[in-house]
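Student: I would like to go through the disulfides of this model one at a time. Please show me the entry, and then I will ask.

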Amino acid sequence: MPHASPHGAPHTGAHPGQPDHSRARALTGALAIAALVAALVALWQTQSTPLGGRAYCWGSWPEDEAPFRRGDRDRVADEIPPAPGRPSGQCSLRWHGGRGSGAYDQRLDLHLGTGPRDPGERRSWLGELFGGGDVPLPDGLPGFTAPASGTGALVLPESCDVDGRPSVVTLKSAKALSLTTTGELLIRAANQAAKATSCTTLPPLHLRRAPSSPVSDRDPCGISALEEEAGTGTGPPTNTDFHSCAIAGTSAGTGTAAAPRWAARFTTTARPRLVALFDGLTGDRPPAPGWRAHGSIDAAGALVRADCGGRPTVFAMRSGPARTHTRLDDPRAVFPLYVDAVAAHMGCAPLRAG
């Protein structure tokens, strides 16, 4: 039985000014458990599927779906996920697959960002983003993939822009992927990025059908005026709002393994979110007298923006490492011919006189 203090209050054994250690320990334990639960929830949201399996690269790619195959092993992901207030992210995913002579190593690099602000740097960045021979995603989706290379890009909605520049999800693969697989990976990553940053209330994107493979053509890039020139082109105009092609020049390497390198790359798009990537780069003056467009043409490349049947449309060209130094890849000579050919296919009124 507690004995009374000199003032008549029961004595509990605690000294005035001393903390209740039992309560402090209980509170500390509760906080630790709460922090652990929060960490596990966050891990589940970014790394796992609803069924509890692992998902990689911001939670975009479940372990039992493409790009993975049965028997893949040693998966390692280094990633920085996007988050509210941080509309950027990256992920490098590596793994081993196959056995014996069929063994292979695979690596996927995923990135979310807006590209450079500086106009010169941005033009160079866009020149690499569009690879020449790109295939648009179907149903007007703001993205594209490259045949058999596993590269591509997809632009997020306007509400996800940062300082007026569109946010873009880009994907690069060390080992070739199909157009459909690349498109699906881009869609999943873009949806996850939009969800993680809470930048849009629009419904998730869906790849409802496979991208169409490019059709070869005897005219380089669909330019009949070049049919007698040396070099071959890929991707004649087949879409009314997107065209991408490359002209091959000299080959890299020797012997039967020699691969053609590109002499010039061309891109045309009227898809609004892809056009927005070029905002602020074309100025307000025509590239030459007689043009119904704004932009510039020089020895290294060309970029113009025009009204094409009521749609803002961008036409771009870049000379490459295998250029022949003929009109085949000289922007001043070939770019006007390219614009004439593609604009006519798209239903544009002539964009230049003569």
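Student: Is Cys 199 buried or exposed?
Tutor: This is a predicted model, and the relative accessibility of Cys 199 in it is 18%. The cut-off for a buried residue is under 20%. Cys 199 therefore counts as buried.

Student: Which residue forms a disulfide with Cys 199, and how many residues apart in sequence are the parts it ties together?
Tutor: The sulfur atoms of Cys 199 and Cys 160 are 1.9 Å apart, and the two form a disulfide. Cys 160 lies in the loop between β8 (152-155) and β9 (168-173), while Cys 199 lies in the loop between α3 (179-197) and β10 (242-252), so the parts tied together by the pair are separated in sequence by 39 residues. Cys 160, at 4% relative accessibility, counts as buried. The partner is Cys 160, and the separation is 39 residues.

Student: What is the handedness of the link of Cys 160 and Cys 199?
Tutor: The angle about the S-S bond is 70°. With that value, the link of Cys 160 and Cys 199 is right-handed.

Student: Where do Cys 221 and Cys 245 lie, and how many residues apart are they?
Tutor: A disulfide joins the two, with an S to S distance of 2.0 Å. Cys 221 is in the loop between α3 and β10, and Cys 245 is in strand β10, so the pair links distant parts of the chain. Cys 221 is buried at a relative accessible area of 0%, and Cys 245 counts as buried at 0% relative accessibility. Their separation is 24 residues.

Student: What is the angle about the S-S bond of Cys 221 and Cys 245?
Tutor: The link of Cys 221 and Cys 245 is right-handed. The angle about its S-S bond is 110°.

Student: Which handedness does the link of Cys 57 and Cys 91 have?
Tutor: These cysteines form a disulfide with their sulfur atoms 2.1 Å apart. The angle about the S-S bond is -65°, and the link is left-handed.

Student: Which parts does the pair of Cys 57 and Cys 91 tie together?
Tutor: Cys 57 counts as buried at 0% relative accessibility, and Cys 91 counts as buried at 3%. The parts tied together are 34 residues apart in sequence, because Cys 57 lies in the loop between β1 (55-56) and β2 (61-62) and Cys 91 in strand β4 (residues 89-97).

Student: How many disulfides are there, and what is the pairing in sequence order?
Tutor: The cut-off for a disulfide is a pair of cysteine sulfur atoms within 2.5 Å, and the count by this rule is four disulfides. With the bonded cysteines numbered in sequence order, the pairing is 1-2, 3-4, 5-6, 7-8.

Definitions and conventions. Residues numbered from 1 in each chain as written. Predicted model: local features only at pLDDT ≥ 70, side-chain atom pairs only at ≥ 80, totals over all residues. Heavy atoms only, no water. Helix = DSSP H or I, 4+ residues; strand = E, 2+ residues; numbered from the N terminus. Buried < 20%, exposed > 50% of the residue type's maximum accessible area, 1.4 Å probe, protein only.
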